[in-house]
Amino acid sequence: MNWDEQMGLWNQAAVSISDIRYKVLWEGQDMLSYQLPANIFLLVVSGSAYVRIDERKCYLKRHHLLHAGKGMKVDIMPAKHDFSFYLIYYKAVLPTSAKSLVAKSLIVQAQPFGLFYHVILPEPGLLHSQVRRMYEGWQQTGVLAQIRMKSMLFEFIYELFSQLQNSKDRGSPSDLVAYALRYIHEHYTEAVTMDQLADLLGCSISYMYRLFKAEIGKSPNDYMIGIRMEQARQYLLTTQLTLREIALSVGYADVYYFSRLFKKQFGVSPLQSRKLKPENNDHNLNPLNPSLSSIVPTKPLSYNQNVNENDYQKEGEIQLISNNRPKSSMTALVVLCLSLLISACQAGNNNVSSENTASPAASAANPASAAANKDAESASETRMYKHKYGETEIPTNPKRVVTAYHLGHMLALGVRPLGAATYILQYSENTMDTTGVADLGAPLSLEAIAALEPDLIILIEAYLEPSGGYEGFKKIAPTVVVEANQDPVKDIRLIGDLLNKQEEAEQWVTQFENKIAQTKEQVQQVFGPDETFTILNVRSEKARMIYRDRNMGGNILYSYWGLKPQEKVLQDVINGIDDESSYLDISEEAIPEYVGDHIILAADSNAQDAVDKLMASGLWKNLDAVKNNHVYRIDFDQFLFNDPIFAMKQVDVLADVLTKNH
């Protein structure tokens, strides 16, 4: 691709945006197939997918960008459980009087903006932020909003071509560190984790850490903390913001954690730092600070400037007793305090007479009350939890939990969530009891979640963007963003840790391992150690997938039972494809290359016509597995999810299918 020509083209163009969308496609549920009504930019946010543009085929994953022209046929098939992306539809024309040589050379094309290209972004975070702002701006109406959208499109184009033009120089250690420094300085107020930073730069955390430490002298995390603390100190000295406001402005939701970091950095607490007299005159020059002139009366000090060391732990601001108060107000305050004290004592005496104090005997006599008090105390306890979007203070024993994705995991632990996403509820309703679990919509409704008053929200990344991003959720309740591992054992332990249900999680793991051991013995009595297996999914006449050792029964077949995959399945699929992908998309002609001694054929009722057509073909009838009657049908929908409830059923179903005729 000649980027100089493309830049010349855009320099001459008149453009308009037709639409901006955010979509989430789910493996097995969604396939996008249509003819483009306009030119598009497609930016991947999470997951991965196989994409066909006319006759071209590419594999997209996070931070990939694709461009395609009006009239092209697009087919998108999610390769991971979820695939989320932005679509920018736009129209562009060149003026007939264009004088640019670049424009003249391209204007003869029927569609000068209709080129197909697929790039991996050098600095995806910057473009992601721009596209997200465009998506939010697209919800506005009016002429000014339309003008703003045009300017934002050109900002996007400028950043895109700047990155692509300079990408040939990228790759040296110094360049990687420079990119990391730029990103940290531009995003230090956000919940940036080292995982995110390494992902954005396309390298491992350990590699980024070594390069950064060698060139800067400290780790990326320490460097970012330094920037945040220095900015916080400036706020303390030059503004009247509360500690909570300052902590939030530099990226910390937890004011206590922020204060500990500040004291570690500077040797004094934030409030002690604010009380220290600045060595220069910057304080006096700040218009937000009270005048020290004898002509202008000094204003009362704010909460931040006249506060006890521990008072910042309170949620709001308070006025402390000052020696400058009038005597009358002091007298009234003393009378009020005495009244409250007397009332408290009387209430205490009443409680003693009716409850016999909180003695062990009373607790034994009223176990329900004691249990309620214990639950209330437990619910008030918190802990810090690290996740994909930073570190969040969460309840030690959450009682009111919303989960977009991990419905089955919670139910398996005996916890009924307040709500879950539409897609998860639809696929789970015939397999588990979802009574009382609210449908939170698609995309998730922040209003519906807020109405449930949760004390913890558990999400996966695909649900963030269309609902306002991480910030929108954490304003409602503590929010953690976790990975959908598609591993029932790993996932139930993760959710068990979040809910403080580790014991229940281990009980489920033990039951699952016992079931695996029992069925493994049954299966191994039927099949020899050298017999090979292939999992083939047929979704349509165009879509045929070979599954790996992750879902669709592959984890049970290959990992838990230890059965042998066909050689090419092992080489090209299990060991050969990107780790984010669940399957390899193949053509019908390639099926014989991947078929082993036995075929697990997965399909749902909507694909029956495609299955019948394949089975009627000579290609299918000539397969040895077909001739030997070694084809085993399973329901695609039953094997799509890997949560603990589905997983238990899948083991039984697959064992029955494989052994019932032997």
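Start with Phe-641. Phe-641 has a relative accessible area of 3%, so it is buried. This is a predicted model, so keep that in mind throughout. What does the ring of Phe-641 pair with? One partner is Tyr-427. The two ring centres are 5.7 Å apart and the planes meet at 70 degrees, so this pair is edge-to-face. Look at where the two residues sit. Tyr-427 belongs to helix α17, residues 422-428, while Phe-641 is in the loop between β20 and α28. That is a link between distant parts of the chain, 214 residues apart. Both Tyr-427 and Phe-641 are buried.

Phe-641 also pairs with Tyr-405. Here the geometry is tilted, with 6.3 Å from centre to centre and 50 degrees between the planes. Tyr-405 sits in the loop between β10, residues 401-403, and α16, residues 407-412.

Now widen the view. Ring pairs join Trp-26, Tyr-405, Tyr-423, Tyr-427, Tyr-463, Phe-641 and Phe-646 into a cluster. How many aromatic pairs does the structure hold? The count is 27.

Next, the helices. Two packed helices are described by the angle between their axes and the distance between the axes. Take α21, residues 502-526, and α20, residues 488-498. Their axes are 8 Å apart and the packing angle is about 165 degrees. That makes α20 roughly antiparallel to α21. The crossing is right-handed. On the α20 side, the contact uses Pro-488, Val-489, Ile-492, Arg-493, Gly-496 and Asp-497. On the α21 side, it uses Gln-502, Ala-505, Glu-506, Trp-508, Val-509 and Phe-512. By type, that contact has seven nonpolar residues, two polar and three charged.

α21 has another partner, α28. Those two axes come within 10 Å and cross at roughly 10 degrees. So is α21 roughly parallel or antiparallel to α28? Roughly parallel, because an angle under 35 degrees counts that way. From α21, the contact residues include Trp-508, Phe-512, Ile-516 and Val-523. They meet residues of α28, among them Ala-647, Met-648, Val-651 and Leu-658.

Now some backbone. Most residues other than glycine have a negative phi. Asn-500 is not a glycine, yet its phi is positive, about 60 degrees. Find Asn-500 in the loop between α20 and α21. Its relative accessibility is 32%, so it counts as partly exposed.

Met-552 also has a positive phi, near 55 degrees. Met-552 lies in the loop between β16, residues 544-547, and α22, residues 554-560. Is Met-552 buried or exposed? Buried, with a relative accessible area of 1%.

Last, the whole chain. The secondary structure comes to 28 helices and 20 strands. Of the 662 residues, 48% are buried. Then there is contact range. Take contacts between residues at least 6 apart in sequence: 69% of them join residues at least 24 apart.

That's my tour. Over to you.

How values were computed. Residues numbered from 1 in each chain as written. Predicted model: local features only at pLDDT ≥ 70, side-chain atom pairs only at ≥ 80, totals over all residues. Heavy atoms only, no water. Axes fitted to C-alpha atoms, helices over the stretch in contact; angles between N-to-C directions. Helix = DSSP H or I, 4+ residues; strand = E, 2+ residues; numbered from the N terminus. Parallel < 35°, antiparallel > 145°, perpendicular 65-115°, else oblique. Left-handed = near helix turned anticlockwise from the far one by under 90°. Contact = heavy atoms within 4.5 Å. Nonpolar A, V, L, I, M, F, W, Y, C, P; charged D, E, K, R; others polar. Phe/Tyr/Trp six-rings, centres within 6.5 Å; stacked < 30°, edge-to-face > 60°. Buried < 20%, exposed > 50% of the residue type's maximum accessible area, 1.4 Å probe, protein only.
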